Every structure is written in C-alpha cells, then in structure tokens.
Amino acid sequence: MIKGYLGVDVGSVSTNLVVIDGDNKLLAEQYLRTNGRPIQTVQEGLYAIGRELPIDVQIAGAGATGSARYLISLIIGADIVKNEITAHAIASSATADNVKTIIEIGGQDSKIIILRDGVVIDFAMNTVCAAGTGSFLDQQASRLCIPIEEFGDYALKAKNPVRIAGRCAVFAESDMIHKQQLGYNTEDIIAGLCEALVRNYMNNVGKGKEILAPVMFQGGVAANHGLVQAFNKYLELEVIVPQHYGVMGAIGAAMLAREASRKKGSTGFKGFNIQEINFKTGSFECKGCSNACEVVQFYENNELLARWGDRCGKWELNVM
C-alpha cells in the first residue's frame, strides 16, 4: 500500500486537486474550472482523481487551501486548512533551493511572496485591477482572435515589442486597438501586452518589495512563454518555472496534510465518492446588534455541520 496525501486548492477561476506520496512525487492531478460552483466542482474533481489513482494508493491525509478553503475542508474532511500564501511557500521551498521570491499569477488574482531562509516575511495581493492577472491576457487574446494557448508563442516572435499602456485593463485595450490601427504587427503588439502585464504587476503587487533571486514564477499564467520572457527582461534575471506550476498551491496543501496526519495518526478524509453526499449552504442576517452579520450555514445530507460569518461567535457551530 502507498500512502497518498490529497491537496485541494479552490480559487475563483480554477480548482486544483493533487495527490502526492511521502517523497513529494505527484501521483495524480486534476485541473477544473470552478465556474462559481465550488462544491460541485470539488465533488467532480475528487471522483475523477480517485479513478486516476493506482488502486494501491490510500489517502492518509487531506488539506485545503484557496479562497474557498473553509467550505471545502468540510466537504472533503480535511486534516488541515491553510491560506494560499503558506501553501505556495511550502511547495516552492520544496521544489527549488532557497527560493527568495514567488510570483504567482492566476486568472483573477495575483500575489507576490517574499521568503528569506524558507520563511515568509512579506507578501501582497492584487487589488481590484485585473490588468495584472491572466484575465487581462484572455480578453486581449479574444479580441485578437488568437487562442490564449498560442499567445506566448506569438510574443516570442516579436522583433520590436510595442509599448502598451498597462496601468489599467480598459486603457490597455484602447491603446492596443490604437496600435493596431497604426499598423503594428500582431507579434509586436502581443509582446507589448505581456510587458504591460508585467509592468502593472510590478507597479501594483510588487511595489516596494525587495525582489531577490531565485525567483519562482507559478500559476496558470506561467504557461505563457511570452510572459516568462517579459519577466526575465524586466527583472534582468531568469525566473524559475516549476514543472507543476499550475498546481503549486494544491501541492503545498498536500504537503501540509502529510505533516498534520502524521501528528494525528489518522485522517478525516471522507473518500472520493462524495458525489453521493448532498451538500448545501444557506445564510441569514443576524438581528442581534447593529453589525447585522451575514451568517452562513453548511449542511451535509440536511444535517447542520457548521456556521460561520458572525463577529461575536454567537452562532458559531462546528460539530465535526
């Protein structure tokens, strides 16, 4: 029997699930679009990854991270729940020696994590602007009628990247259209868009941060070779793109689950066939004081398992 450790990272755009062994070897992975349905997506992902695993793998620990980590932890029976910053830092430190800076860009959000001697000392996440995220490139790829998977290859063919105003996604699109009308070729415009995203990221998320090498670039956007080239050019160094760049958060959650399960000596993992379980949420507004807290209730097969969202703790419930 092989002991496997499950990590689940649920974000606004994607849901990533991985299973690793005791030596951090990736045994299986699933990437799914969340589509605003985190519960159903995790149920589908667990079923799929369970079928992908060899029959001699038994889950000995489970961890959850991402923006929906508390909700998902109840669904899968997680042994540990950690934020994305911790999960990404753990996975990155295990992937490359002495990583000092982590650049992580996803579809809707982006973050920077500063480590020294393997310890997180600072981090930042993007604000409301989307110009430093993958959705910015998705929108422009759609306008240019180019599959986003080919976007980076176009950028690598550029001879003279066009400077695109990238401080705002709306202005960047207007500027791109203007450059098209002036007759600039597509390759140079796409390379300019990649460089605009990097400038926006560095002026927003990376502002005031001491960026030291080694720098690791991860998240789904790291698949874009043009963006990797743009970061190399801006930072004047070669960023590291790990093999499993798209699921590093889930890998970190799995590694944390391994340590948690070893301390507990058991796991609360509910199994891969949770599609058969009916999970649902509800909410109500507490009238107890002027805070008017929105309290969320979580049910499993009509049994109330947990509540959260109140500031005073009046409604808190977790019977797991």
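This is a predicted model: local features need pLDDT of at least 70, side-chain atom pairs count only at pLDDT 80 or more; totals for chains, interfaces and linings use all residues.
Arg69 forms a salt bridge with Glu84, and their closest N and O atoms lie 3.2 Å apart. Glu84 is also buried, with a relative accessible area of 14%. Arg69 belongs to helix H2 (residues 69-76) and Glu84 to helix H3 (residues 84-95), so the pair ties together parts that are 15 residues apart in sequence.

The whole structure holds 12 salt bridges. One of them joins Lys270 and Glu300, at 2.5 Å from N to O. Lys270 sits in the loop between helix H9 (248-264) and strand S10 (279-285), and Glu300 in strand S11 (residues 294-300), so this contact ties together parts that are 30 residues apart in sequence. Lys270 is partly exposed, at 29% relative accessible area. Glu300 is buried, at 18%. Glu104 pairs with Lys111 in a further salt bridge, with the closest N and O atoms 2.8 Å apart. Both of these residues, Glu104 and Lys111, are buried. Arg258, Glu259 and Arg262 are linked in a salt-bridge network.

Asp138, Glu149, Glu150 and Asp153 form a negative surface patch. Helix H5 (residues 148-156) gives the most to this patch, with three residues. Glu149 is found in helix H5 and counts as exposed, at 66% relative accessibility.

Disulfides are absent: the structure holds zero. For Cys145, the nearest cysteine sulfur is that of Cys194, 17 Å away. Cys145 is exposed, with a relative accessible area of 69%. Cys293 is in no disulfide either, and the nearest cysteine sulfur, that of Cys289, is 5.8 Å away. Cys293 is buried, with a relative accessible area of 12%.

Terms used
Residues are numbered from 1 along each chain as its sequence is written. Side-chain values use heavy atoms; hydrogens and water are left out. Patches are made of residues with over 30% relative accessible area and no salt bridge: like charges are joined within 9 Å, nonpolar side chains (Val, Leu, Ile, Met, Phe, Trp, Tyr) within 5 Å. Accessible areas come from the Shrake-Rupley method with a 1.4 Å probe; for residues, only the protein chains shown count as cover. A salt bridge is a side-chain nitrogen of Lys or Arg within 4 Å of a carboxyl oxygen of Asp or Glu. Lys and Arg count as positive and Asp and Glu as negative; His and the chain ends are not counted. The place of a charge is taken as NZ of Lys, CZ of Arg, CG of Asp or CD of Glu. Helices (H or I, at least four residues) and strands (E, at least two) are DSSP runs, numbered from the N terminus. Buried means under 20% relative accessible area, exposed over 50%, partly exposed in between (1.4 Å probe, protein chains only). A disulfide is a pair of cysteine sulfur atoms within 2.5 Å.
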